[in-house]
Each structure stands twice: as structure tokens, then as C-alpha cells.
Amino acid sequence: MARVLHNLLFFLIRLALKIRVWGYWSLIYGYCALCTAAALLKLCWNIVLRPTATFQWGIRETPPACLNDTSLGTHCYVRIKESGLRFHYVAAGERGKPLMLFLHGFPEFWFSWRYQLREFKSEFRVVAIDMRGYGESDLPLSTESYHLDYLVTDVKDIVEYLGYNRCCLVGHDWGGTIAWLFAIHYPEMVTKLIVLNCPHPSVFTDYALRHPSQLLKSSHFFFFQLPRFPELMLSINDFKALKALFTSRSTGIGRKGRWLTAEDLEAYLYALSQPGALTGALNYYRNVFSSLPLSHNHVRSPVLLLWGERDAFLEQEMAEACRLYIRNHFRLNIISGASHWLQQDQPDIVNTLIWTFLKEGEGRKSYRN
């Protein structure tokens with residue numbers, strides 16, 4: 001009798017897990033279909049209102065002067081033997097100083113760290129990379145090339161190529177996700193972890209499934225699963241959607257902080273208008289559901305989490321929940337009035353908070369290789 005009950009219990013557990021997985025993927029594909037229908041309606045409306053302008057967009061041939069500003073650092077390239085990919089990065093500060101590595105988010109590139117490159121080069125070897133699929137780094141064609149494991153390995157390979165075995169790691173948005181994962185898998189290589197407006201991946205998964213409001217704010221995750229159509233929607237009307245992302249009152253930079261200048265915006269359009277650039281950026285999203293939830297999720301490095309109060313895409317409640325997965329010192333700072341793009345929106349405040357965190361505990365000597 002006991003054995004029968006044991007087998008029945010085991011069967012029920014397996015059935016519950018299958019139902020949960022089925023429900024998970026049904027939610028993903030159902031919401032993806034809903035987002036697609038909304039995008040199609042928007043496209044049709046654009047065609048009705050602006051039939052000639054809708055499908056007009058162009059590749060920016062010449063980079064704006066701000067991308068060649070020598071005060072930001074030197075443009076460098078590295079080809080990683082294991083992956084065969086060439087990465088572009090901008091570096092400043094003396095070689096041999098502690099390494100501070102910056103990982104950008106979507107849909108950005110190394111330029112999003114311009115204020116931090118200038119600020120921290122006095123004490124660090126600062127390096128802002130174009131992650132695979134972005135900027136001047138290589139753009140693998142296959143979606144599978146953007147699996148989270150590969151993105152984390154890229155960071156490890158670049159740190160080692162630069163001649164270091166550890167670094168202070170700073171990530172924003174998607175770069176924040178990669179930074180969390182790198183700290184989880186390679187704790188010995190991260191002296192301190194600084195994340196901007198990106199929750200721990202396990203927090204995001206748990207929270208989003210329990211809060212419909214966050215699912216609504218994350219609707220782009222589902223829409224971006226489609227092939228080619230998202231690239232079209234981001235390109236129409238000469239990349240109007242991308243311009244609005246950075247400049248609108250609801251999602252843009254600078255309502256109470258520093259405005260994005262016309263030249264800054266052109267820098268983003270130059271990078272994202274290049275052939276294959278949007279596909280490379282969107283491929284990050286096209287692997288995310290197959291990579292979560294995590295099997296390992298504890299972070300053993302000291303962590304600073306900075307959060308813009310006006311983030312239009314991520315709910316603030318997730319920030320405090322990250323504490324559950326950190327086995328070291330954790331500092332959380334909510335920045336009043338700051339948007340999702342807080343290192344550009346409020347660079348002075350962000351830089352001050354980072355300096356404060358770097359001086360805590362072990363002190364700066366702990367960063368030396």
C-alpha cells in the first residue's frame with residue numbers, strides 16, 4: 001500500500017510539473033500573439049497615415065564626432081580564439097590599474113558609459129565593450145549564438161585577454177543580466193558587482209509570473225520572439241520607435257536629468273542602423289526563455305544595485321527582492337526622478353554612489369590583479 005501511495009505521489013508531482021511547464025510556455029506564446037496583433041494594427045495605422053514615409057529608413061554612413069572623442073578613451077579590438085569573434089571596446093586609464101569593465105544594455109553600445117569612462121579612468125583601467133551583436137563587435141547570424149552561456153563566456157574571455165583575473169564589473173539592463181550571471185558562475189573573478197536597473201534574473205522570473213503589471217511592462221520580451229517583424233517595426237519611419245525610446249516623456253532620458261543631445265541620439269542611430277545590428281540586439285531576447293529559471297543563483301561578491309525611480313520597464317519592488325540571492329554586502333540606492341537609462345540621465349549621482357561603494361569594506365587595493 002505504501003508503495004502504491006509513493007508511486008501515486010510521484011506521478012502527481014510529475015504531472016504538476018508538466019502542467020506548470022505547459023502553462024509557462026502557453027503564457028509566453030499567447031502573450032507573444034497578443035503583442036503581434038497590436039503591432040500589426042500599429043503598422044497598418046502607420047501605412048494609412050504616412051504611406052510613403054512608413055517604409056523609409058537609411059543606414060547612417062558616417063559616425064558623429066562624439067564617437068571619436070579622445071577624452072573617452074582609445075578604440076581597440078580583440079579576437080577571441082575560442083569563439084572566433086572580434087570584439088570592439090573603448091579603454092581609458094593606465095594599464096595595470098584595477099580593471100573596471102562596463103556591459104551595456106539594449107539597444108545601446110559602449111557609448112552609453114561615456115560619463116563613467118571619463119569619471120573612473122583616474123583610478124581604474126576602464127573598459128566599455130560592444131557586446132556580441134552590437135556596435136563594431138561581430139554579429140553572429142544564428143539566434144543560438146546569443147545563448148546566455150556564450151554571453152557570459154565572452155566576458156570571461158575579454159577579462160583574461162586584457163591581462164586580468166578579476167575585475168569590478170558594471171552592467172546596465174541586459175548588461176546587468178550578464179553581470180549577475182557572470183558573478184554567479186565566476187565569483188572569484190568579480191571583486192565588486194555594480195548593477196543598474198536590472199533585477200537578479202531569478203527575481204525577475206518569479207516576480208513577472210506573479211505580477212501581471214510587470215508582464216505588461218515586459219511585453220517587448222514576447223514581441224521580440226518573432227523573426228524579422230520586430231526589426232521592421234523598429235525601423236519604420238526612419239527608426240521612429242528607437243528615437244521615442246530614448247526621447248519620449250514616458251521612457252526617455254532626461255526629464256529631470258541630462259537630456260540626450262541630437263548628436264548623442266545620432267550616435268545610437270548610427271550604430272543601430274547598420275546591417276544586421278537590430279537582429280543582433282534582438283537575438284538576446286530570443287534566447288531568454290530557454291535559459292531561465294536558473295539552477296544556480298547565489299551571488300558571493302559585494303553588490304551595489306542602482307535603480308531609477310522612473311523606470312518605465314521594470315517595477316521597483318524587484319530591487320529589494322534581489323537581497324535574497326546575495327551572500328555578501330548589499331547596497332541598494334533608489335535614485336529619485338531617474339529613468340531606466342540612469343547612468344546617462346543622472347551621471348553625477350550615479351558616479352558618486354559608485355565611488356562610495358568602491359571605498360567601502362575592502363578598499364580600492366582589493367581590485368589589484
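These legends go with a set of close-up views of one predicted protein model.

**View 1. The whole chain, before we zoom in.**
This predicted model has 14 helices and eight strands. Of its 369 residues, 55% count as buried. Look at contacts between residues at least 6 apart in sequence, and 77% of them join residues at least 24 apart. The protein exposes about 17100 Å², and carbon and sulfur atoms supply 59% of that area.

**View 2. A nonpolar patch on the surface at W45, V48 and L49.**
Together, these three side chains make a nonpolar surface patch with about 350 Å² of accessible area. V48 is part of helix α1, which covers residues 2–49. Its relative accessibility is 59%, so V48 counts as exposed.

Helix α3 takes in residues 148–161, 14 residues in total. From first C-alpha to last it reaches 20 Å, close to the 20 Å expected at 1.5 Å a residue. Just after α3 comes G163, with a positive phi of about 95°.

S145 sits in the loop between β4 (125–129) and α3. Is S145 buried or exposed? Its relative accessible area is 17%, so S145 is buried, the cut-off being under 20%. Leaving aside residues up to four places away in sequence, S145 touches R132, P140 and Y150.

**View 3. Ring against ring: F120 with W355.**
The model holds 23 aromatic pairs. One of them is F120 with W355, whose ring centres are 4.7 Å apart and whose planes meet at 45°, so this pair is tilted. F120 belongs to helix α2 (residues 114–120) and W355 to helix α14 (residues 347–359), so the pair ties together parts that are 235 residues apart in sequence. F120 has 0% relative accessibility and counts as buried. W355 counts as buried too, at 12%.

**View 4. Another tilted pair: F246 with W341.**
The ring centres of F246 and W341 are 4.9 Å apart, with planes at 50°, so this pair is tilted. F246 lies in helix α8 (residues 229–247), while W341 lies in the loop between β8 (330–335) and α13 (342–345). The pair therefore ties together parts that are 95 residues apart in sequence. F246 is buried at 1% relative accessibility, and W341 is buried at 1% as well.

**View 5. An aromatic cluster, with a cis bond at F106.**
Which residues make up this cluster? F106, Y134, Y146, W174, F204, F221, F223, F224, F229, Y284 and Y285 form it as one group. While you're at F106, check its backbone: a cis peptide bond joins F106 and P107, with omega about -10°. P107 is in the loop between β3 (99–103) and α2. For context, most peptide bonds are trans.

N237, in helix α8, has a positive phi near 55°. D238, also found in helix α8, has a positive phi near 55° too. N237 counts as buried at 13% relative accessibility, whereas D238 is partly exposed, with a relative accessible area of 22%.

**View 6. Helix α5, largely enclosed.**
Why call helix α5 (residues 201–210) largely enclosed by the rest of the structure? Because seven of its ten residues are buried. Those residues are P201, S202, V203, F204, T205, Y207 and A208. They pack against α4 (174–185), α6 (212–217), α7 (219–223) and α12 (317–321).

Methods: Residues numbered from 1 in each chain as written. Predicted model: local features only at pLDDT ≥ 70, side-chain atom pairs only at ≥ 80, totals over all residues. Heavy atoms only, no water. Patch = residues over 30% accessible without salt bridge, like charges linked within 9 Å, V, L, I, M, F, W, Y side chains within 5 Å. Areas by Shrake-Rupley, 256 points an atom, 1.4 Å probe, with all protein chains shown as cover. Salt bridge = Lys/Arg side-chain N within 4 Å of Asp/Glu carboxyl O. Helix = DSSP H or I, 4+ residues; strand = E, 2+ residues; numbered from the N terminus. Buried < 20%, exposed > 50% of the residue type's maximum accessible area, 1.4 Å probe, protein only. Contact = heavy atoms within 4.5 Å. Expected span 1.5 Å × (residues − 1). Phe/Tyr/Trp six-rings, centres within 6.5 Å; stacked < 30°, edge-to-face > 60°.
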